[in-house]
Amino acid sequence: MSLEHLWAGWRREYIVEATAQERSGGISHDEADCVFCRLAASGLPSEDNLVVWRGETAFVVLNAYPYASGHVLVLPLRHVGALADLTTDESTEWWAAMQAAVAAIEAAYEPDGLNMGANLGRAAGAGIPAHLHLHVLPRWSGDTNFMTSVAETRVMPETLQLSWKRLTDAWPE
Ligand SMILES: [Zn+2]
C-alpha cells in the first residue's frame with residue numbers, strides 16, 4: 001500500500017457527514033457543528049456513542065468509517081485545531097491515550113503492525129481540520145495484497161459494536 005493510498009483512506013472519515021454539511025451551506029468551524037465535539041459531549045463510553053475511553057481532557061472513539069476493524073481516533077475533548085494550542089495537560093493525556101489505544105489494539109487484534117498519524121489541515125487530508133484527531137489502526141503483513149486479490153468478494157468487517165467490545169475489553173488499566 002502506498003502512503004498516498006493510506007492517506008486517501010483516512011480522508012474518508014466522516015465523509016458522509018462532511019458532505020451533508022457542505023450541502024447544507026458549507027462546513028463550519030464552529031464547535032456547534034463539529035461531529036467530534038458532539039462525540040465529546042456524548043457522555044460515558046458506550047456501544048451507542050462508540051467512545052472506547054474517556055479521560056479528563058482526551059477521548060478515544062471508533063472511526064465510524066474504519067480503514068480496518070479496530071481503527072480508532074484519539075482526540076482532545078476540547079475543540080482545538082492546532083497542536084500548539086493544546087495545554088500541557090491535554091498534550092500529556094492525549095499521548096497517554098494514544099499509547100493505551102496502541103496497547104489495546106495489539107492485545108485485541110494481535111496485528112503485525114500499526115499505523116498512527118494525523119492529517120493537520122485540509123490540504124493534508126483532514127476531513128475535520130478544526131478538531132485535532134489522530135488515527136490508530138492495526139495492519140497485517142500483506143493485507144493490501146489480500147484486499148486486492150479478493151476485491152471481487154465482499155469483505156465484511158466486524159461490526160463497530162464488536163470492535164468496541166474487543167477494544168474496551170482489552171483496554172489497559
Ligand atoms: Zn470540535
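The following questions and answers go through a predicted model of a protein with six helices and five strands.

Reader: What is the order of the elements along the protein?

Author: Counted from the N terminus, the elements run α-α-α-β-β-β-α-β-β-α-α, and buried residues make up 44% of the 173 residues. Among contacts between residues at least 6 apart in sequence, 64% join residues at least 24 apart.

Reader: Which residues coordinate the zinc ion, and through which atoms?

Author: The zinc ion is coordinated by Cys-34 through SG, Cys-37 through SG, His-79 through ND1 and His-131 through ND1, at 2.0 to 2.4 Å. A donor has to lie within 2.8 Å of the metal, and these four atoms, at 2.0 to 2.4 Å, meet that cut-off.

Reader: Why is the site of the zinc ion called tetrahedral?

Author: Four donors count as tetrahedral if all angles lie between 85 and 135 degrees, and the angles among the four donor atoms here are 99 to 116°, so the site is tetrahedral. For four tetrahedral donors the ideal angle at a metal is 109.5 degrees.

Reader: How are the donor residues spaced in sequence?

Author: The donor residues of the zinc ion follow the spacing C-x2-C-x41-H-x51-H. Cys-34 belongs to the loop between helix H2 (15–23) and helix H3 (35–40), while His-79 belongs to the loop between strand E3 (72–76) and helix H4 (88–109), so this pair ties together parts that are 45 residues apart in sequence.

Reader: How do you know whether Cys-34 and His-79 are buried or exposed?

Author: Buried means under 20% relative accessible area. Cys-34 has a relative accessibility of 4% and therefore counts as buried, and His-79, at 18%, also falls under the cut-off and counts as buried.

Reader: In what order do the strands stand in the sheet?

Author: Five strands form an open sheet in the order E1-E2-E3-E5-E4, with antiparallel pairing. The twist averages 20° from one strand to the next.

Reader: What makes E1 and E4 edge strands?

Author: Strand E1 (51–54) and strand E4 (113–117) each have a single partner strand, so one side of each is left without a neighbour in the sheet.

Reader: How do you know that E2 pairs with E1 and with E3?

Author: Two strands pair if there are at least two bridges between them. Strand E2 (residues 58–62) and E3 have five bridges in the antiparallel sense, and three bridges join E1 to E2, which also run antiparallel, so both pairs meet the requirement. A hairpin of three residues joins E1 to E2. Phe-59 has Leu-75 as its bridge partner in E3, and Arg-54 stands opposite Phe-59 in E2. Val-61 stands opposite Leu-73 in E3.

Reader: Why is E2 described as mostly covered?

Author: Five of the five residues of E2 are buried. Ala-58, Val-60 and Leu-62 point one way from the strand and Phe-59 and Val-61 the other way, and all are buried. In a regular strand the side chains alternate between the two faces of the sheet.

Reader: How do you know that the length of H4 agrees with what a helix should span?

Author: At 1.5 Å a residue, the 22 residues of H4 should span 32 Å, and because the end C-alpha atoms are 31 Å apart, the two values agree.

Reader: Where does H4 lie, and what do its buried residues pack against?

Author: H4 lies across E1, E2, E3, E4 and strand E5 (134–139), and runs at about 165° to E3. Its buried residues, among them Trp-94, Met-98, Ile-105 and Tyr-109, pack against E1, E2, E3, E4, E5 and helix H6 (160–170).

Reader: Is Thr-92 buried or exposed?

Author: Thr-92 lies in helix H4, and its relative accessible area of 52% is over the 50% cut-off, so Thr-92 counts as exposed. Thr-92 and Ala-58 are 34 residues apart in sequence and 9.5 Å apart in space, C-alpha to C-alpha.

Reader: What is the phi of Leu-50 and of Glu-110?

Author: Most residues other than glycine have a negative phi. Leu-50, although not a glycine, has a positive phi of about 60°, and Glu-110, likewise not a glycine, has a positive phi of about 45°.

Key: Residues numbered from 1 in each chain as written. Predicted model: local features only at pLDDT ≥ 70, side-chain atom pairs only at ≥ 80, totals over all residues. Heavy atoms only, no water. Donors = N, O, S within 2.8 Å, 3.2 Å for Na, K, Ca; no water. Tetrahedral: all angles 85-135°; square planar, octahedral: opposite > 155°, others 65-115°. Helix = DSSP H or I, 4+ residues; strand = E, 2+ residues; numbered from the N terminus. Buried < 20%, exposed > 50% of the residue type's maximum accessible area, 1.4 Å probe, protein only. Axes fitted to C-alpha atoms, helices over the stretch in contact; angles between N-to-C directions. Contact = heavy atoms within 4.5 Å. Expected span 1.5 Å × (residues − 1).
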